[in-house]
Amino acid sequence: MFPNKAAIEGIGDAAHLAEVKGRSLWADARTRFFRNKAAVVSLVMLGLIASFALFGQFFAQYDKGFVDFSLIGSNAYKGVPSIETGHYFGTDSNGRDLFARTVQGTGISLMVGIVGALVAVIVGTLYGATAGYYGGRIDGLMMRIVDVLMSIPFMFVLILMLVIFGRSIFMLFLGIGLISWLDMARIARGQTLTIKNKEFVEVAVATGVRPSKIILRHIVPNLLGIVIVYATLLVPSMIIFESFISFLGLGVQEPNTSLGALINEGARTMQFGYYWQIAYPLFFFVITIFAFFFVGDGLRDALDPKDR
Amino acid sequence: MFSFVVRRLAVAIPTLLVLVIISFILMYSAPGGPFNSERPLPPEVLANIQAKYGLDQPFWRQIVNYVWGVVSSFDFGPSFQYKDRSVNDIIAQGFPVTLTYGFWSFVVAVSVGVSLGVAAAIRQNSWLDYLAVGISVGAQVLPNFVMAPILVLTFTLWLGWLPGGGWNGGQWQNLVMPVIALSTSYMASIARITRSSMLEVLNTNFIRTAKAKGLPMRRVIWRHAMKPTILPVLSYLGPAFVGMITGSVVIDVFFSTGGIGQFFVNSAFNRDYSVIMGITILVGALTILFNLVVDILYAWIDPKIRY
């Protein structure tokens, strides 16, 4: 079959365009991403939340550890949020400034989310790419291990670990890291299976490049798009995960705090009418999670070749 | 089919063993035993107590004893904190509660989620569709520990319709909020999965054929579209089960329902190792069993699966 005339002209047009300005796949993806309004708005929201967590402390009138003893017992009418007293978000039940605490909590929650996602990305991608690249029996064994680990209710094991080794942020990171890479490994393996039969990998093999170098230099960069998408979607689930544990009182310990811990404190005092103590942390929690989900969705539409 | 079940069991049993061994090693390597208190016991008393609980034996002996106890007589040993109760007693007390509201949450999540998703897919781009999509996006950011305070705020503190906690023998008033809090985010996920799966199925050739031969829409949906639609939902049920059983901890703590989650967290604070281990293993076994059932169902429904 000969291509029809219109198609040939189309090719001519495209070639003409290519001469004027080259467009990389990344630039294409960027255009697609910025066309998605919800994702762009969410990205701006994330920027605002991040700057709130980073610079909010400079606007706080009180130190996050400062306890205003005069407020204890009269929280309901003296600790309400107001501009005049300088407690923008009110005070918590111990008489500490809730604004400063929320800044700190948002920061820690964001940090846990991002570090957790980073661990997942690095470990999961390398593991999945290795399993997918070698294939055969190694692949079978490595993925069977993932299957086994996936069917364990990890929250319980993590709580067991927190009890035994003491509750600290480090243990929390370790526990989150232990769980989060499993999904990533599966995704990376699936992608690797399709990439490893491409010509450029064949060329690399033929020219005698070591397998470890093929994985790092030729396979992992091609996984990048899908990895970024899932990393963005992982951050909110890591934040939810950490907040879950902190809500139970087993996560981040005083004097540090996280959004989950603040929601927990607020939930305990809301029956006395101190609604602001749960409202502000809850607001920041929901907004953060929402924003990450929308940015992740936008990135998926922009980068994932499957769902177009 | 039989060999498939056998092969799946061959994976499930080692998984459970790995879980038992990991948690036992964790417990064994814990600094300080359960009987280290601020006022140290006389050495001979301590030795007697340790002999009673078998803690004086070598590591391999202890682990073999424990595993054998669990396997042969389903015996998780005594609680280290409540001297007169065994772990089995605690599980027997808490588990029915967890099972009750867990069961209802599961039923609500699956039935509401699937019907919402199917309705949204059939009436694509109608107000119903937008409502369903809106709910499923919104509920994504409302995990159980966020839902629970919001529900209490609304229904107990504001409207005063429902009790804010307690179990009360499983009265429906006490069940409503735990079930909603636990099921919402899974219901949303199931609705989303069902919707996109149904949309995909409705575009296939066999549905076109079914419509073309003049079947009424209801029959097309029920007889032809439902089965392939349900497959992705089925494979989501495994993770949903794990999530719900994990979420039950929050429900128990927040609503004081008295399920195993409450004992779990209390034991976590009291360092009551045997209870923590017993519950972890029980939950692990349930999860593995559930995944097995889901896999078998999947293989049964989907003719493409070879086994």
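A:Arg300 lies in helix H12 of chain A, where helices (H or I, at least four residues) and strands (E, at least two) are DSSP runs, numbered from the N terminus. This is a predicted model, in which local features need pLDDT of at least 70 and side-chain atom pairs count only at pLDDT 80 or more, while totals for chains, interfaces and linings use all residues. Residues are numbered from 1 along each chain as its sequence is written, and chains are lettered from A and ligands numbered from 1 in the order in which they are written.

A:Arg300 counts as buried because it has 20 C-beta neighbours inside 10 Å. A residue is called buried if 20 or more other C-beta atoms lie within 10 Å of its own, exposed if 12 or fewer, and partly exposed in between, with C-beta atoms placed from the backbone. The C-alpha atom of A:Arg300 is 9.4 Å from that of A:Leu233, a residue 67 residues apart from it along the chain.

Confidence comes next. The model scores ipTM 0.76 and pTM 0.79. Chain B has an average pLDDT of 82, and 95% of its residues score at least 70; pLDDT is the predictor's confidence in each residue, from 0 to 100.

Chain B contains 11 helices and 0 strands. The C-alpha trace of chain B spans about 85 × 55 × 30 Å along its principal axes. Of its 307 residues, 36% count as buried. Among the contacts in chain B with a separation of 6 or more, 72% join residues 24 or more positions apart, a contact being two residues whose C-beta atoms, placed from the backbone, lie within 7 Å.

The axes of H4(B) and helix H9 (residues 217-255) of chain B come within 9 Å and cross at roughly 145 degrees. Axes here are lines fitted to C-alpha atoms, for helices over the stretch in contact, and angles run from 0 to 180 degrees between N-to-C directions. The crossing of H4(B) with H9(B) is right-handed; a crossing is left-handed if the near helix is turned anticlockwise from the far one by less than a right angle, and right-handed if clockwise. On the H4(B) side the contact includes B:Thr98, B:Tyr101, B:Phe106 and B:Ile122, and on the H9(B) side it includes B:Ile221, B:Val233, B:Met244 and B:Ile251. By class, the residues of this contact divide into 11 nonpolar, 4 polar and no charged. Ala, Val, Leu, Ile, Met, Phe, Trp, Tyr, Cys and Pro count as nonpolar, Asp, Glu, Lys and Arg as charged, and the others, Gly among them, as polar.

H4(B) also meets helix H7 (residues 172-202) of chain B, their axes coming within 6 Å and crossing at roughly 35 degrees. This crossing, too, is right-handed. The contact of H4(B) with H7(B) has 23 nonpolar, 5 polar and 2 charged residues.

B:Ile122 is found in H4(B). B:Ile122 counts as partly exposed because it has 19 C-beta neighbours inside 10 Å. Its C-alpha atom is separated by 8.9 Å from that of B:Ile221, 99 residues apart along the chain.

Two loop residues of chain B deserve a look. B:Asn125 sits in the loop between H4 and helix H5 (127-140) of chain B, and has a positive phi of about 65 degrees although it is not a glycine. With 8 other C-beta atoms within 10 Å, B:Asn125 is exposed. B:Ser256 lies in the loop between H9 and helix H10 (260-270) of chain B, and its phi is also positive, near 50 degrees. B:Ser256 is partly exposed, with 14 other C-beta atoms within 10 Å.

The two chains also touch each other. Their contact takes 29 residues from chain A and 33 residues from chain B. On the chain A side, helix H7 (154-165), helix H10 (211-247), helix H11 (259-269) and helix H12 (276-303) each supply at least two residues. H7(A) gives the most, with 8 residues. The residues of this side divide into 26 nonpolar, 3 polar and no charged.

The largest nonpolar core has 149 residues, and those touching the most other members include A:Ile159, A:Ile263, B:Ala148 and B:Val250. Such a core is a set of buried Ala, Val, Leu, Ile, Met, Phe, Trp, Tyr and Cys residues joined through C-beta atoms within 7 Å. H9(B) provides the largest share of this core, 18 residues. Leaving aside residues up to four places away in sequence, A:Ile263 touches residues including A:Phe247, A:Leu282, B:Phe145 and B:Pro149.
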